[in-house]
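Here is a short briefing on one protein model and its ligand. Please look over the sequence and the structure before reading the points.

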Amino acid sequence: MAKIFANATSSFIFLFNVILISLTLTAAKSESFSRNLSPKTLGLKREKLSHLRFYFHDIVSGSNPTAVPVARASMTKNSFSLFGMVTMMDDPLTVKPEISSKLVGRAQGIYASASQSELSFLMALNFVFTEGKYNGSTLSILGRNSVFSGIREMPVVGGSGLFRFARGYAQAKTHDLDFKTGDAIVEYNVYVFHY
Ligand SMILES: *[C@@H]1O[C@H](CO)[C@@H](O)[C@H](O)[C@H]1NC(C)=O
């Protein structure tokens, strides 16, 4: 009787250990894809705030457009706000309003007419910088651009390179709009926190 009891006890202890070990293993497994990290490990020291200013050239006319419509709905032609039109851009960014001034990068992405009541775009684009210390770094913008408003503000949702961990906002102000061709020059002021 005592023997049976002893056996039962040792079986119980064995089972308990098996459960404990598998729980530990499960915990170790769930930890294996994430860990806490000191920002220093990635060389991140102090977060700083930068202001970038440049001019965006949206050229839709002529034989070398930088922005081209890639899709539209059948009702887009009847919509004064071009609702449903999707345009792909690879627009140059320069330091001065003149297209001949120094190129600092490009705006690559999509603008899509997303309003039925006014000309307002969903902007989804990357600013790709090609000049100075920001050469190769990018900033990602996702926002609303109500084209005929004075200053339009769009969130900076992230970045790469020197702009890793970026957050901030971009303000767009039309510098020049050619109503005949549709070409536009837009001043961008971007305020961004990054490391
Ligand atoms: C930017 O980086 C690219 C690729 O590394 C390089 O070819 C180019 O010369 C650089 N431009 C400037 C202005 O430093």
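The model is predicted.

**Ligand**
- Thr-130, Glu-131 and Asn-135 surround the ligand.
- The side chain of Asn-135 has an N or O atom 2.3 Å from an oxygen atom of the ligand.
- Taken alone, the ligand exposes 370 Å², and the protein buries 26% of that.

**Largest pocket**
- The volume of the largest pocket is about 540 Å³.
- Its lining consists of 28 residues. Those nearest the centre of the pocket are Asp-58, Tyr-111, Leu-119, Phe-121 and Gly-182.
- By type, the lining residues of this pocket are 18 nonpolar, five polar and five charged.
- Strands E1 (48-58), E2 (67-71), E5 (120-129), E8 (167-177) and E9 (184-194) each give at least two residues to the lining of the largest pocket.

- Strand E7 (residues 151-160) runs antiparallel to E8, and six bridges join the two. In one of these pairs, Arg-152 has Ala-172 in E8 as its bridge partner.
- E7 and E8 make a hairpin with six residues between them. Gly-161, in that turn, has a positive phi of about 65 degrees.
- E8 also pairs with E9, in the antiparallel sense and over 10 bridges. Here the bridge partner of Thr-174 is Val-186 in E9.
- E8 and E9 form a hairpin, again with six residues between the strands. Gly-182 lies in this turn and has a positive phi of about 90 degrees; Gly-182 is also among the lining residues nearest the centre of the largest pocket.

How values were computed
Residues numbered from 1 in each chain as written. Predicted model: local features only at pLDDT ≥ 70, side-chain atom pairs only at ≥ 80, totals over all residues. Heavy atoms only, no water. Near = heavy atom within 4 Å. Polar contact = N/O pair within 3.5 Å; in protein donor to acceptor, adjacent residues only side chain to side chain. Areas by Shrake-Rupley, 256 points an atom, 1.4 Å probe, with all protein chains shown as cover. 1 Å grid on protein atoms, 1.4 Å probe; cavity = no way out; pocket = protein on both sides within 12 Å on 5 of 7 lines; lining within 4 Å. Points joined across faces, edges and corners; volume = space filled by probe spheres on them. Helix = DSSP H or I, 4+ residues; strand = E, 2+ residues; numbered from the N terminus. Nonpolar A, V, L, I, M, F, W, Y, C, P; charged D, E, K, R; others polar. Pairing = 2+ DSSP bridges.
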